[in-house]
Amino acid sequence: MTIPMPEPDLASAYFFAALDQGRLEVLRCGTCDTAHLSVLACDVCGGGDFTGEPASGGGVIYSFTKLHTAHHPAFADRLPVCGGIVELDEGPRLFAPLFGEESPAIGARVLVELLPVEDRMIAAFRLVRSAE
Amino acid sequence: MRGGPNASIIGLGRAGLNREDSRTAAELARQAVIAAAADAGLTTAAIDGLVICRTSGASDAVLGLDLQRALGLRDLKLNRIALCEGASALAAIQTAALTVSAGMADVVACVFADTPVTPGTRMGAAFGRLKTGVGMEGLRYSAGLFGGASVYALSAQRYFALHGLDEQVLSDVAITTRAWAALNPEATFRKPLTREDYFAARYIAEPLRLFDCAAPVNGAVAVIVSRRDRAADGAQPAVHILASAEGHPGTPDRHGFDRSLTHGGAIAARTLFEATGLSPAEIDICQFYDAFSIMPLVSLEAYGFYGPGEARAAYAEGAAGPGGGGMPINTGGGHLSGYYLQGMTPVVEAVLQARGAAGERQCERAGTILVTNDGGRLDYHAGIILGASEQWT
């Protein structure tokens, strides 16, 4: 059983369309330069013009958890499941599966890996060894 | 002092509140309203307004406006569903309070019912039903984050990281709250919780363990709201709604913000304290929405009782517990050890304390009680300050 994927809504249509074609993109506000992932009106300046640009794919863990109860059959045989919220280097955050050899920690560096889920793609993030 | 609504809670009714009840949510709701009217010394025919609390987390979507017909209520002046996720109960009470204040109805019943537990089955998945979701928020399910515990685990993890704390602070909350539940015959878990029991329990979503999570039950709660001047000759001591407020932060999911820890209590507190002229130090008891043990800590800080990362002091050495010497918190056992009927759980306990009807767990000072509700992942918040009738006439 494959993991559940959200249906795009109006604000996230661009993000998911790009992702499904293998690109992690942010939407940059043409007025104030704030980067968003899913947006209709910029919450900083009220602007409504956005331009898509590729995200670097790097980020840090904003928060994370290891789930010990499976509520969906796709996760039943991979407990504990590690998931959380990643802050992209461009600023916006998103929920994402987390994986890798390193232990997750708030502030730890991660790098995106786009994984196919049937005819869609998901942005998962691999923990990378810290530079120090 | 601006003053709050001219409204009081004059009746309280419960139905179910256990894991064996197999009645539908609609029937439990009907029974709770009948019980609340009787408690107020009224027949249901006196009710001229009905507000049903709805949340998308509730398991039975059947509870609706037709509760009016099930109760045989004629000529209602208000019939409304209040939807504010976990904050729906206080949102409903606010609607009722404003309506009676404005003279647009006289006797308004607010009711919540839910039946997440299938009698005889395992509890684990009571609130973890299959979901796919929509938009960016729906990605939580792709990440495996089902159920409220998973997202409040993110709050707890972040709270620890920011303030250099660990699971010990959550164990203090769980153990102290259980000590209150031991004194409440309606509570689900009444056996004292030791530090060993707490840490031996399985993880649900790290760092949250079993006893960091609410105790689901099947049941319903209803309250009757009326104008203050009418409340004076009720069957029960009136519990006045001194102030009511909401606070919904809308925190961006972006660098520089902290959505998992930004609590709407900071917004509601300004309105509540301005309306009553009270300060946090003048609150006798807090009844917080504690579906997860991290929530009272975040609530105490949002309401200005403590600075960021310092709320653990409220629970140190069981201060918030029975005979602990500090401000009593969640004196019925809360959601954690009492029962999870969303926003109504803290309301029930506040009304009982304000009436002086809380039995063995009755607090000496119960003149001003802060009650809070939280919904979403700290997206929606409502708070009220209740006053015992003899002190606030």
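## Aromatic pairs and nonpolar cores

The model we are looking at is predicted. B:Tyr340 counts as buried too, at 13% relative accessibility.

Let us turn to the rings. Searching the whole structure gives 7 aromatic pairs over all chains. Among them are the two in this table.

| Pair | Geometry | Centre to centre | Angle between planes |
|---|---|---|---|
| B:Tyr141 and B:Phe146 | tilted | 5.0 Å | 50° |
| B:Tyr289 and B:Tyr340 | edge-to-face | 6.3 Å | 85° |

What does the pair of B:Tyr289 and B:Tyr340 tie together? B:Tyr289 lies in the loop between β9 (285-287) and α10 (294-302) of chain B, and B:Tyr340 in the loop between α11 (334-338) and α12 (344-355) of chain B, so the pair links parts that are 51 residues apart in sequence.

Elsewhere, a ring meets a charge: the charged end of B:Arg178 sits over the ring of B:Phe211, 5.1 Å from its centre.

Now for the cores. The largest nonpolar core has 95 residues, of which A:Leu94, A:Phe125 and B:Ile294 touch the most other members. Helix α5 (residues 147-163) of chain B gives the most to this core, contributing 8 residues. Leaving aside neighbours within four places in sequence, A:Leu94 is in contact with residues including A:Phe15, A:Leu37, A:Phe125, B:Met136 and B:Leu139. Another core, of 48 residues, lies apart from the largest one, with B:Val51, B:Ala105, B:Ile384 and B:Leu386 among its residues.

Definitions and conventions. Residues numbered from 1 in each chain as written. Chains lettered and ligands numbered in written order. Predicted model: local features only at pLDDT ≥ 70, side-chain atom pairs only at ≥ 80, totals over all residues. Heavy atoms only, no water. Phe/Tyr/Trp six-rings, centres within 6.5 Å; stacked < 30°, edge-to-face > 60°. Helix = DSSP H or I, 4+ residues; strand = E, 2+ residues; numbered from the N terminus. Buried < 20%, exposed > 50% of the residue type's maximum accessible area, 1.4 Å probe, protein only. Lys NZ or Arg CZ within 6 Å of the ring centre and 35° of its normal. Core = buried A, V, L, I, M, F, W, Y, C linked by side-chain atoms within 4.5 Å. Contact = heavy atoms within 4.5 Å.
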